[in-house]
Amino acid sequence: MAYLTVRTAQARRVHTLGPETVVGRGVSSHVMLDDPRSSKRHFEIRERAGRYLLKDLGSTNGTFMRGLRLQQEVSLQDGDEIMVGSTTLTFTRTLPPGAEEQVPPTQIPTKKGTTSLRQKPPPTKRTGTSVILAEKYKEKDALPRGTVSIPLERFELGASDAPADAAQASAVGNQWLRGLYRLLREANPCETEDELFAATTRVLAEVLPGARVKVLFEAGLGAQGKGAGKESKEGKEKDPSRQTLLLSTWQAPGISSGSSQNTRVLEARLTDQRNRLLAHARERGVAVLSQDLEADLTAKRATRTIVPEDPKAEKLAVMIAPLQMGRAVLGYLLAERTVRADKTGERNAPFMQEHLEFLAAAAFPLATMLSNVRRHQSVLDQNARLRHSVQERYRIVGESNSLKNVQDVIARAAPFDTPVLILGESGTGKELAARAIHAMSRRADGPFEALNCAALPENLVESELFGHAKGAFTGASGDRAGYFETAHGGTLFLDEVGELPLPVQAKLLRVLEEGKVARVGETRLRDVDCRIVAATNRDLAAEVDANRFRQDLYYRLRVMDITLPPLRARADDLPVLCKHFLAPFGSYRLQPDAMEYFQRYSWPGNIRELRNTLERMAVLAKPQGGAAARGVVALSANDVPLDIKRMVEGAGDPTLPLGQTVPGRKKTSVRTAAIQPAVPGFNVLAADMPPLEKLQVSYARWVLEQVGGNKTKAAKILGIQRSTLYAWTEWNADEKGGDGPQ
């Protein structure tokens, strides 16, 4: 069974074809056309041995198919479009999609076996594709008669009515298949749009000799003509017929360099006509071909010839195939060739229907590749933005010498996969240091997993670290991977590693030595590859002496140790840190009197306490003064929390009422202490004073000499960690020589 689809600007109708079907404007026709250019009996479609033959019945304005007026009976192929005036009829052997819901038959009595589907022809529902132009083409602006239009699904490469020579047909088919294969092979590795379009235009220009291949993209609607922006006489709205499509063009360098000046002028003059072909391709989802664009759009004769009257005149042949992905059109493939009658060869010949079918077939994989490239680029851009935001969030802020030393050690240790032990008080930023090590390592693209060992119950630590199998214990309803597996290829940060139970420490040591892990309830060993960064605020050396931490695990984790200084030892960083923590809340500024409190406070909670304090001050602050009018909120001493004020002013215990001090301690205000004169007789300039760090190192070396070089005993006497003592006495070996007391 075959079907004939009649499409106009207002509606679409689908008719089934019988043995003989007459199409025309008269009431006696089986399929009626509401077109003034149609004759009463315009053409006839007959079925003969499974083939459908089309014959013009002597119509006045003619019947056009494949760009030519019918002079004799021709065989119809699936997808052929028939042009009668401004009406397009499509022949198909399968029922068009949605026809049973959208397209009813006419109310004409059926004759000679012709049947219809419904009673009234409502317009076809709009698809997801939008209209290119804001206007509906008038009758005089309909698609030109000389234009070939084929559905995108059709790809027969010039199948003719008469059986062709088998060898010749095979050679032609192999030619197009080789072209498609080459296009797919060269476009497949492309990772950017420019690479994809460059490969596509290069291959298509070689497969279609003499063609100038471009890729067009829609850039919106714009004005056309001199009076485009003027108001119409009848109303204040702009005339939509003056609007035209604005296009952006991707064109490979050098593709059109061989065209003459006359050809470039001809292309510029036919811009509006090319847009009309684009509109037709977009609205109907077809590929279009005009063998002579200027003649097709300006000829008023019923017949025409491709050969120009002037042998030296240049004519422009144009092919357009939409890059259609689902119901969306991503762009258009445009191929143009200059045709001259006085020149021979394929480079100067008009485009044929098989060229259009090849271009339409090439547009399908190109649209898919373009969509994948854009999706891939979108994911890369999103990952870059997320990575930047994460790095900014976990950036180490500070400019003090002690922090610069830490950053230098991190930069030297990060490129290697050796385990790192980060030491320091609670709140000094041990996780920030671990993330910095991961970001500067070769595993930066891998995962970063952080586990707080102190926050897990003792019976779940092993399951969290190594995972468990289904049924391994009560509540294990399924298999679960542990942190070692999820951190494979990246970094595993074990915070508060000193809190791990001794049995788990033994298993952790085995995993670190062998690089294999077994889930709880399984005997199978799984390979894991992750870098271990551990952190603790305890003195692990003392924990080892007290038998609360395994000595072998301690030395396995402490291949490289980094000690983070407390905030009270880097008071110079307070202004920078305050500015960094206040930035997310808006334009906040810390006044000098508030900064005095901050610099005299000991900050037992370190940076974490500072961040929380600033957040509380920003939330509770009330804008005052001229700075508030400029959008700047000034945080003064009145906004500093009372507990910090009590500690700084000498109250000592923040639980005491304001104004009551600890017995025996004198209360001093911040401002009074700040303006107290220097000690009489102390006239040493600041530039001549020895650095405090140098005095600390000298004193530590002196204590170490007194205890016979026992670093553990010396660290206990000094009240510092053994790793800090090691850093003072070994990393600053070049500073030795009479600095300390003798």
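Helix α15 passes α16 in a right-handed crossing, meaning that the near helix is turned clockwise from the far one by less than a right angle. The model is predicted, so local features need pLDDT of at least 70 and side-chain atom pairs pLDDT 80 or more, while totals for chains, interfaces and linings use all residues. Residues are numbered from 1 along each chain as its sequence is written, and side-chain values use heavy atoms, without hydrogens and water.

**The α15/α16 pair**
- The two axes, lines fitted to C-alpha atoms over the stretch in contact, come within 11 Å.
- α15 and α16 cross at roughly 115°, on a scale from 0 to 180 degrees between N-to-C directions.
- Leu574, Pro575 and Cys578 of α15 meet Met595, Phe598 and Gln599 of α16; contact means heavy atoms within 4.5 Å.
- Five residues of this contact are nonpolar, one is polar and none is charged.

**The buried side of α15**
- α15 spans residues 574-582; helices are DSSP runs (H or I, at least four residues).
- Leu574, Leu577, Cys578, Phe581 and Leu582 are buried, that is, under 20% relative accessible area with a 1.4 Å probe, protein chains only.
- They lie on the same side of α15 because they cover an arc of only 120° around the axis, taken from the directions to the C-beta atoms.
- These buried residues pack against β28 (588-590), α16 (592-600), α17 (606-620) and β29 (633-635); strands are DSSP runs (E, at least two).

**Thr613**
- Thr613 sits in helix α17.
- Thr613 counts as buried because its relative accessibility is 3%.
- Beyond neighbours within four places in sequence, Thr613 contacts Phe598, Trp603, Pro641 and Ile644.

Definitions and conventions: Buried means under 20% relative accessible area, exposed over 50%, partly exposed in between (1.4 Å probe, protein chains only). Ala, Val, Leu, Ile, Met, Phe, Trp, Tyr, Cys and Pro count as nonpolar, Asp, Glu, Lys and Arg as charged, and the others, Gly among them, as polar.
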